[in-house]
Amino acid sequence: MANVTVIGAQWGDEGKGKLVDWLSNRADVVVRFQGGHNAGHTLVVGNITYKLSLLPSGVVQGKPSVIGNGVVVDPWHLLEEIRKIGEQGVSITPDLLVLADNACLILPLHRDLDQAREAAATNKIGTTGRGIGPAYEDKVGRRAIRVADLADREALEAKIDRLLAHHTPLRRGLGLPEADAGQILADLEAIAPQVLAYAKPAWRLLDEVVKSGKRVLFEGAQGALLDVDHGTYPYVTSSNTVAGQAAAGSGVGPKGPGYILGIVKAYTTRVGEGPFPTELDDEVGKHLGTVGRELGTVTGRARRCGWFDAVLVRQSVALNGIDGIALTKLDVLDGLPTLKICVGYQVGGQTLDYLPAGLKAQAGITPVYEEIEGWRESTQGARSFRDLPAAAVKYVRRIEELIGAPVALLSTSPQRDDTILMRDPFQA
Ligand code: GDP
Ligand code: IMO
Ligand code: MG
């Protein structure tokens, strides 16, 4: 298959960035298609660590990259991320990066609203506070400012007025100072030339790329359980994170996404609020957090940790049409005498093999576990499946069986090259 789509199959932070970086030398273009700078993708190459939130992870290998229309873009953050990665020796020029001219912008007023709502809420979502939700609301409400508007002062002025007609009463209600239309206009005009340098009809470029037989790698952000439709609503992000969004969020048509590679952590984590059936509030949970260095890239919050949940991942395989998975962070389980895998849910006296949609049902789940023997040996840095201890192989095989998808790649450390290829997604 010519194209590959990488998506998170759990609650995000599965290791998408590492895998996209690794796969990007097999691709011609790397594309982000949803989310914004709520994402935090960490790439480790030798002794250099790159942290990306908005830029597609292919940029580190010098691959042409696209920020698609489905992404909400904070233009100040974009320029800052380009500057920062430039300091690490990765030069981003308009030859390398294309920003869809029809992508919607995140403005400071979106961040204000996100943070003020979270501060006022009794039932917090635990957002990243970066304005993602409010920006998507304005997009769907047809009052967003889009990249192309930066080139048209008249349109921009009218759009700011329309936007403030909506935001002024909201701000008032939350006790926020009134936003100043003139200031917003001036701030946007100050950065417009720098941002517009990257702006193009991205769908057109991708159409040419696909027609010329080149390979596209789509990079998802967040994970399927944070999807606004399919996730643990309302404890989700505000975009569709499932693989189907790769097409709409970049404009390539439904056949574009190609092979769907689900990135799956060998255990489960979640950052922010919301149900988490296999969460461990004990020493094992702490152990996973410490060994796995489970600290949020964007907010620095500790990620909640728990056992592998095969019910969730099996659901994710269906929701995304996953062809194969990349199993990451197997090394974090090294040394644990016994491992548990959740194979079913007990909810109100019933046994379920899927995540129920109701909030109360989700919060009342008791996981049904299967125990599996752990391994003493280190798998860290393993570069071949044959090097893995027999118990680790058994764990991987049991996961494949339970979720109904094969392992295509295995990751055994944060380092780019500590990756075992079992089936090449681009050749499948
Ligand atoms: P993403 O949001 O899906 O790109 O994932 P993050 O980068 O937020 O979180 C994954 C973290 O795990 C990062 O710090 C990676 O460097 C690290 N990581 C990725 N793969 C592995 C692995 O196989 N083993 C270990 N120990 N760490 C990994
Ligand atoms: P990557 O791409 C993990 C979570 C937040 C919060 C919820 C809503 O690194 O996997 P938002 O700011 O999007 O409105 O927050 O979604 N969240 C993530 N959790 N990884 C991410 O991205 C996330 N992006 C958002 O913690 O619970
Ligand atoms: Mg992350």
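In this predicted model, strand E16 (residues 338-347) pairs with strand E18 (residues 366-373) in the antiparallel sense, over 8 bridges. Within that pairing, leucine 339 has isoleucine 372 of E18 as its bridge partner. Strand E16 also pairs in the antiparallel sense with strand E17 (residues 350-352), over 3 bridges, and here tyrosine 345 has leucine 352 as its partner in E17. The hairpin of E16 and E17 has 2 residues between the strands, and in this hairpin glycine 348 takes a positive phi near 50 degrees. A further pairing of E16 is with strand E14 (residues 308-309), where the two strands run parallel and are joined by 2 bridges. Aspartate 309 has cysteine 342 in E16 as its bridge partner. Strands of a sheet pair through backbone hydrogen bonds, in either the parallel or the antiparallel sense.

An open sheet is formed by 10 strands, arranged in the order E9-E7-E5-E2-E10-E1-E11-E15-E19-E20, and its pairing is mixed. Strand E9 (199-200) and strand E20 (419-421) each have a single partner strand and stand at the edges, so one side of each is left without a neighbour in the sheet. Strands E2 and E10 (residues 216-219) pair in the parallel sense over 4 bridges. In this pairing, valine 29 stands opposite valine 216 of E10. In a regular strand, the side chains alternate between the two faces of the sheet.

The magnesium ion (ligand 3) is coordinated by Asp13 (OD) and Gly40 (O), at 2.0 to 2.2 Å. Aspartate 13 belongs to the loop between strand E1 (4-8) and helix H1 (16-23), and glycine 40 to the loop between strand E2 (29-32) and strand E3 (41-45); the pair therefore ties together parts that are 27 residues apart in sequence. With a relative accessibility of 22%, aspartate 13 counts as partly exposed, because buried means under 20% and exposed over 50%. Glycine 40 counts as buried, at 14% relative accessibility.

Aspartate 13 also takes part in a salt bridge: its side chain meets that of arginine 303 at 3.0 Å, N to O. This pair links distant parts of the chain, 290 residues apart, with aspartate 13 in the loop between E1 and H1 and arginine 303 in the loop between helix H9 (283-291) and strand E13 (304-306). Arginine 303 counts as buried, with a relative accessibility of 11%. The contact belongs to a network of salt bridges in which Asp13, Lys265, Glu294, Arg303 and Lys329 are linked.

The structure holds 23 salt bridges. One of them joins the side chains of glutamate 14 and lysine 16, at 2.9 Å, N to O. Both glutamate 14 and lysine 16 are buried. Another joins the side chains of glutamate 137 and arginine 117, at 2.9 Å, N to O. Here two helices are linked, with glutamate 137 in helix H4 (residues 132-140) and arginine 117 in helix H3 (residues 108-120), 20 residues apart. Glutamate 137 counts as partly exposed, at 34% relative accessibility, and arginine 117 is likewise partly exposed, with a relative accessible area of 32%.

Aspartate 13, which coordinates the magnesium ion, has an N or O atom of its side chain 3.0 Å from an oxygen atom of ligand 1. Backbone contacts are also present: an oxygen atom of ligand 1 is 2.8 Å from a polar backbone atom of threonine 42, and an oxygen atom of ligand 1 is 3.2 Å from a polar backbone atom of serine 413. On its own, ligand 1 has 570 Å² of accessible area, of which the protein covers 93%.

Proline 406 is partly exposed, with a relative accessible area of 26%.

Key
Residues numbered from 1 in each chain as written. Chains lettered and ligands numbered in written order. Predicted model: local features only at pLDDT ≥ 70, side-chain atom pairs only at ≥ 80, totals over all residues. Heavy atoms only, no water. Donors = N, O, S within 2.8 Å, 3.2 Å for Na, K, Ca; no water. Buried < 20%, exposed > 50% of the residue type's maximum accessible area, 1.4 Å probe, protein only. Salt bridge = Lys/Arg side-chain N within 4 Å of Asp/Glu carboxyl O. Polar contact = N/O pair within 3.5 Å; in protein donor to acceptor, adjacent residues only side chain to side chain. Areas by Shrake-Rupley, 256 points an atom, 1.4 Å probe, with all protein chains shown as cover. Pairing = 2+ DSSP bridges.
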